[in-house]
Amino acid sequence: MLHNNRFHSFGEGPDGDHPFDAEETQRNLRTSALNDPERKGLLELLAERIAQLPEAPKKVLAMYYYEGSNLADIAACFNLTETQIYQIHMEAVDELRTYLCGAWVERAE
């Protein structure tokens with residue numbers, strides 16, 4: 001279902017891994033030009049939480065934000081409707097927002 005050319009062009013490896021892996025993201029953060037410690041901390045939290053998401057939401061987010069695919073293209077890859085992809089996307093974004101807000105408040109205390 002997810003193994004069409006469009007998804008493979010996104011960069012999924014033979015073992016099913018894709019670019020949103022926490023270790024790679026953290027390596028990239030260490031070498032990036034982020035000078036703002038708060039922004040860097042927020043991005044680290046986000047990378048950690050994305051790595052913990054179930055595969056479908058993780059892949060939807062990756063295709064939407066990393067590859068720049070629109071909802072119709074993503075829906076075709078998943079063999080779902082645009083509405084279903086929109087719902088998966090919004091649930092994942094809401095989950096990330098809730099997690100980041102809670103984690104950031106804890107971190108500040």
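User: Which residues of α4 are buried?
Analyst: The buried residues of α4 are Pro 57, Lys 58, Lys 59, Val 60, Leu 61, Ala 62 and Met 63. Please note that this is a predicted model.

User: How many residues does α4 have, and what does it span?
Analyst: Helix α4 has twelve residues. From its first C-alpha to its last it reaches 15 Å, close to the 16 Å expected at 1.5 Å a residue.

User: How far apart are Leu 61 and Val 93 in sequence and in space?
Analyst: They are 32 residues apart in sequence, and their C-alpha atoms are 8.4 Å apart in space.

User: Let us turn to the nonpolar cores. Which residues make up the largest one?
Analyst: The largest nonpolar core has eight residues: Val 60, Met 63, Ile 74, Ala 75, Cys 77, Phe 78, Ile 85 and Ile 88. The elements that give two or more residues to this core are α4 (55–66), α5 (71–78) and α6 (82–108).

User: Which element gives the most to this core?
Analyst: Helix α5 gives the most, with four residues. Apart from this core lies another, of six residues, including Leu 53, Ala 92, Val 93 and Leu 96. As general background, nonpolar side chains in soluble globular proteins tend to be buried together.

User: Cys 77 is in the largest core. Is Cys 77 buried or exposed, and what puts it in that class?
Analyst: Cys 77 counts as buried because its relative accessibility is 3%. Cys 101, in contrast, is partly exposed, with a relative accessible area of 48%.

User: How many disulfides are there?
Analyst: The count comes to zero disulfides.

User: Next topic: His 89. Where does it lie?
Analyst: His 89 lies in helix α6. At 8% relative accessibility, His 89 counts as buried.

User: What is His 89 in contact with, leaving aside its neighbours within four places in sequence?
Analyst: His 89 is in contact with Val 60, Leu 61, Tyr 64 and Tyr 65.

User: What is the span of α3?
Analyst: Helix α3 covers residues 37–52, which is 16 residues, and reaches 23 Å from its first C-alpha to its last. The expected span is 22 Å at 1.5 Å a residue, and the value found is close to it.

User: Changing topic again: where is Asn 79?
Analyst: Asn 79 is found in the loop between α5 and α6. Asn 79 is exposed, with a relative accessible area of 63%. The phi of Asn 79 is near 60°, a positive value in a residue other than glycine. Most residues other than glycine have a negative phi.

User: What about Glu 82: what is it in contact with beyond its neighbours within four places in sequence?
Analyst: Glu 82 is in contact with Leu 71, Ala 72 and Ala 75. The C-alpha atoms of Glu 82 and Leu 71 are separated by 5.6 Å, and the two residues are eleven apart along the chain. Glu 82 lies in helix α6 and counts as partly exposed at 45% relative accessibility.

User: Finally, the overall picture. How many helices and strands does the protein have?
Analyst: The protein has six helices and zero strands. Of its 109 residues, 32% count as buried. Among contacts between residues at least 6 apart in sequence, 63% join residues at least 24 apart.

Key. Residues numbered from 1 in each chain as written. Predicted model: local features only at pLDDT ≥ 70, side-chain atom pairs only at ≥ 80, totals over all residues. Heavy atoms only, no water. Core = buried A, V, L, I, M, F, W, Y, C linked by side-chain atoms within 4.5 Å. Buried < 20%, exposed > 50% of the residue type's maximum accessible area, 1.4 Å probe, protein only. Contact = heavy atoms within 4.5 Å. Expected span 1.5 Å × (residues − 1). Disulfide = S-S within 2.5 Å.
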